[in-house]
Amino acid sequence: VIRVLVFCFCSFFFLIFSLRIRMSGIKGLQGVVRKTVNDELQANIWDPQHMDKIVPSLLFNLQHAEEAESRSPSPLQATEKEKESPTELAERCLRELLGRAAYGNIKNAIKPVLIHLDNHSLWEPKTFAIRCFKIIMYSIQPQHSHLVIQQLLGHLDANSKSAATVRAGIVEVLSEAAVIAASGSVGPTVLEVFNTLLRQLRLSIDYELTGSYDCAVVSTKIIKEHEERMFQEAVIKTTGSFASTLPTYQRSEVMLFIMSKVPLPSLHHALDAGKAGENRNRLTQIMLLKSLLQVSTGFQCSNMLTALPSSFLDRLLSAALMEDADLRLFVLEILISFIDRHGNRPKFSTISTINDISVLKLKVDKCSRQDTVFMKKHSQQLYRHIYLTSKEESNVQPHYEALYSMLALISIELANEEVVVDLIRLVLAVQEIAQINEDNLPVYNRCALYALGAAYLNLISQLTTVPAFCQHIHEVLETRQKEAPYLLPEDVFVETPRLTKSLDHLVPEVFFRQSKISEVLGGSGYNSDRLSTPYIPQLTDEDRLSKRKSIGETISLQVEVESRNSPEKEERAPAEEITYETLKKAIDSVAVEEQERERRRLVVEKFQKAPFEEIAAHCGARASLLQSKLNQIFEITIRPPPSPSGTITAAYGQPQNHSIPVYEMKFPDLCVY
């Protein structure tokens, strides 16, 4: 017992003595910093040989903080007891040191921190690493924050072949540092940040697929797939954190940059071949689109033309035509995040035929001029991809919910009368997909398309507030409720859908009729001719390049005059037959257009390069010809018309015309103003 008591007594005094020694050492470092940091006559404390000793010493004392201690890393007032602890004193000394660091000294101050975290394996728990860099970011001058970001990015590249947990820790620290550096100091390295993160993402995908950090050599390290997935999620989260700190114009540039990295089939770029190449392409596409979704979430831009430029929208919509269902869902979610500028998306999270949409409390603004221009330019492109996406057999409930949200948000955010008409035509064409079933869709997909159309037409009828239109939609919904409830969203979009075995014997009353809708909306000022015309998308090169088996069958070359989704019409106009003569005429018309374009080019080139005398002579000849034509017109106009009774013989036997007053003369319409 005496020995135990002696041991405890000695340990207690040793602990007190060691704490006092540590306190004395830290105070000594603090004095050295205050004495030499700005004194040019003393040794340069910022040299690497000095920083490599001072910074690790302070970090060692910070590292031994009590586990239960949870203080804010921002400089706050501390109690007298905390000021007496080595941890608090070391933190204050480190803050003071970093606060005095000039632009050229940041690198020397940060490098020992990174080395200390590497040597003591402190990236994996990442709690201490995050605490250290929060202290650093709050202590240095704000205009120097981007230098810390650069140091972390370089360290991430240097550890590109380290364990996934280490890389994930560095990325998490980057994410926390980006939030603190939100004042705009990240600006000079914006694209460098995202380029590094995307490069690390692609490397992680390669590691996951090959199982090695070096494809040419069998690695001795065991790569765990779940750890690589964890690292990828950390990179995606960090991408969103960085983007949320950027102004709108830089955020748009970042989204263009990310979209340019997505591997897509195009006329000029080929995808990786083989099974491994397909897996790599798919994982890269998914991860980059998830990153893009993180960046676009919360993005607010009043001008859709600047938010979705053609170069970005074309590539994004190309991904909507891929076979992979996850890719198509990500594209829809990204488009929705752009279109939803008033936070209406959560109100359309479930598909339903609500009786009164006023309970949703939708935020609706009048369509601006910029939105109208955007829809004139890109509306047909959007409609076409919605139409093609709705036909996919691999669609599940989230796809239909995203399609419904997108249709509803376009109607609220970007709609004018022309857009409303086109959206109604589009939904009726989607109804026809389920009705005709040329693609042999399963029963669930067909019922889902019917339910999607019912929910949207119910919504748009209440938004347009045309009584006759609302009445027709209500009548069809009531008929479905009695005769075919499996065509309504309440029976389809549930955990266990209540479906029927066959949809071959549906009565015409359960369909929305295009002729009826055209009639009732035409009476309220909408374009009835356009409403009565069926929606038919156009086939483009990206359809041929997308890896869809039935894309050639998606768009028929037969252009039908009458709407095929009018169930009340039994007789339909025959389709225009494509023959050799019609194809020859089409080719000839293209040749004529080419000749006309070439003629215009030659005329422009002549006026740009020909000498002045030749141009003057040419214009003079044309002016003379024009003057002669004008003289003929005036001669015909001024000459008086003959008398109704014919000519009169004068006394001298010469025929003479009567002189008619000017106010009785009848001039051609061309000369009357």
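I sorted the lining of the largest cavity by class and got nine nonpolar, two polar and no charged residues. Here Ala, Val, Leu, Ile, Met, Phe, Trp, Tyr, Cys and Pro count as nonpolar, Asp, Glu, Lys and Arg as charged, and the others, Gly among them, as polar.

The model is predicted: local features need pLDDT of at least 70 and side-chain atom pairs count only at pLDDT 80 or more, while totals for chains, interfaces and linings use all residues. Residues are numbered from 1 along each chain as its sequence is written, and side-chain values use heavy atoms, with hydrogens and water left out.

I searched the whole structure and found two cavities of 30 Å³ or more. A cavity is a set of points on a 1 Å grid over the protein atoms alone where a 1.4 Å probe fits but cannot get out, and lining residues have an atom within 4 Å of a point. Points are joined across faces, edges and corners, and a volume is the space filled by probe spheres set on them.

The largest cavity has a volume of about 60 Å³. Its lining includes Ser390, Leu426, Gly453 and Tyr456. Two or more lining residues come from each of α16 (369-390), α17 (397-413), α18 (417-436) and α19 (443-464); α19 has the largest share, four residues. Helices are DSSP runs (H or I, at least four residues), numbered from the N terminus.

The second largest cavity holds about 40 Å³. I listed its lining, among them Leu317, Val331, His385, Thr389 and Met406. α15 (325-339) and α16 each supply at least two residues, and α16 gives the most, with four. By class I got eight nonpolar, two polar and no charged residues.

Conventions:
On a 1 Å grid over the protein atoms alone, a cavity is a set of points where a 1.4 Å probe fits but cannot get out, and a pocket is an open set with protein on both sides within 12 Å along at least five of seven lines; lining residues have an atom within 4 Å of a point.
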